[in-house]
Amino acid sequence: MGKTIVDIAKIANVSKSTVSRYLNNGYVSKEAQERIKQAIESENYEQNSFGRMLKLNRSFAIALCVPMISHPFFAKITEEIENCAYEFGYKLLVTDSDNNRAREEEFIRMVYKNQVDGIIFITHNKYECFDSSLPIVTIDRLFGDNVPCITSDNYNATYNAIKYLFEKGCHNIGFIGGRPLVNSEVLERYHAYLDACKDFGLQTYVSYGDFRHGEEYTHSNEFLHKYTNLDAVFATSDTFGFTIYRVATEMKYPQQLKIITYDGCMSDWIQNPAFTTIRQDLKSMAFKVVDTLIKRINKKQVESKIVVPTEFIIGETT
C-alpha cells in the first residue's frame, strides 16, 4: 500500500502542511526540505506517486472575496485566513470587490478555469443560488445548504449584551448598524435586540439601514442628535461603536453613554477607551472556514452551518 502525506510527514518529523508546501514549491526551511527529501528517497517513492495522491493538477490556491479590505473586521479575518491557509499548504488570493458584482463573478469563474480550487465568499450582493459542485464557503452569508456558512453566536451574544445593559440600569438602549442586503446571520443581532427590548419592556431606538462602510460617522451623528435620551447604545460593529463614542464626546451628550460593540477586532488600534465588546474568535472562524473549504474541494461531507462562540469582554465603556 502506498504511503500517504501523513506517513512522509512523520518520517521527516514535520507537519503534513509542510510536506504539502514542499511538493507544491511553497516556502519550506532548508532543514525541513532536506528531511522531506530524504524521507521520500529512503522510502523509494517517486514524485508522481504524490502527484496522483494529491491531485497536483490543482492550483493549491484558494480565493477570498471581501467587500472592503480596509474595514477592520475584513482586514483581521483576512490576516487569520491567510495564516491558516498557509498552514494547510494553500496560497491565498484576495480581492477587495468594493461591492462590485462583476469583480465577484470573475472570482467565481476562476474556479471553473482551475485557477483557484475554491472560494471564501463574503459579499453584500444578492445571489439566488450557486452551482452545487462549486467549492465555496462563506462567513455569515446564507446562500442555502450548498454553501456552508461559518458564523458566530450572533443572536445569543447580542441578547445577553442587552440583558447586561438592562441589569446595569439602562432603560433607553439604542441600536445602530449597517443592515445587510443579503440573507445573513448578522441580522440575528437586530432580532435579538428587538426580542430583548420586548422581554424587558423597553422602547426601541434604531438606526439600521443600507449603510456603506465609511458612512459610520454620519449615521452616528444623526442618530445621537435624533435621540438625546439614550443611556446606552449597542453597535453592530467596532466602527459604529467608535463613531458613537466620538460623536457623543463632541456633542457633550446629555448622559454618560454606555457602549457595547460587536466584533472586538479594533483593540489593537483603539486602546483608550477599552470598549466593552462581543469579541468574535477570528482565529477559530478562519480555521473553520479554511478547513470546511478544503473538505469541499476534496468532495467530503461538511456541515451547512458552523457557529463559533464569542467572548463578552467588559471594558471601560460600560
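The points below concern helix packing and strand pairing in a predicted model.

1. Helix α1 (residues 5-12) and helix α3 (residues 30-42) have axes that come within 8 Å and that cross at roughly 120°. The two helices are therefore oblique to each other, and their crossing is right-handed. On the side of α1 the contact involves Ile8, Ile11 and Ala12, which meet Arg35, Ile36, Ala39 and Ile40 in α3. By residue class this contact of α1 with α3 divides into six nonpolar residues, no polar ones and one charged residue.

2. An open sheet is formed by six strands, which follow one another in the order β7-β6-β8-β9-β10-β12 with mixed pairing. The edge positions are taken by β7 (205-209) and β12 (311-313), each of which has a single partner strand, so one side of each is left without a neighbour in the sheet. Averaged over the sheet, and with direction ignored, neighbouring strands are turned by 15° against each other.

3. At the β12 end of the order, strand β10 (residues 276-279) is joined to β12 by three bridges, and the two strands run antiparallel. Within this part of the sheet, Arg279 stands opposite Glu311 in β12.

4. Helix α7 (residues 154-167) lies across β6 (173-178), β8 (232-235), β9 (258-263), β10 and β12, and it runs at about 170° to β9. Helix α9 (residues 216-226) lies across β6, β7 and β8, with a direction at about 160° to β6.

5. Strand β5 (residues 149-152) deserves a separate look, both for its pairing and for its side chains. Strand β4 (residues 136-139) pairs with β5 in the parallel sense over two bridges, and the bridge partner of Thr138 in β5 is Cys149. Strand β11 (residues 305-308) is likewise parallel to β5, to which it is joined by four bridges, and here Cys149 stands opposite Lys305.

Note on methods: Residues numbered from 1 in each chain as written. Predicted model: local features only at pLDDT ≥ 70, side-chain atom pairs only at ≥ 80, totals over all residues. Heavy atoms only, no water. Axes fitted to C-alpha atoms, helices over the stretch in contact; angles between N-to-C directions. Parallel < 35°, antiparallel > 145°, perpendicular 65-115°, else oblique. Left-handed = near helix turned anticlockwise from the far one by under 90°. Contact = heavy atoms within 4.5 Å. Nonpolar A, V, L, I, M, F, W, Y, C, P; charged D, E, K, R; others polar. Pairing = 2+ DSSP bridges.
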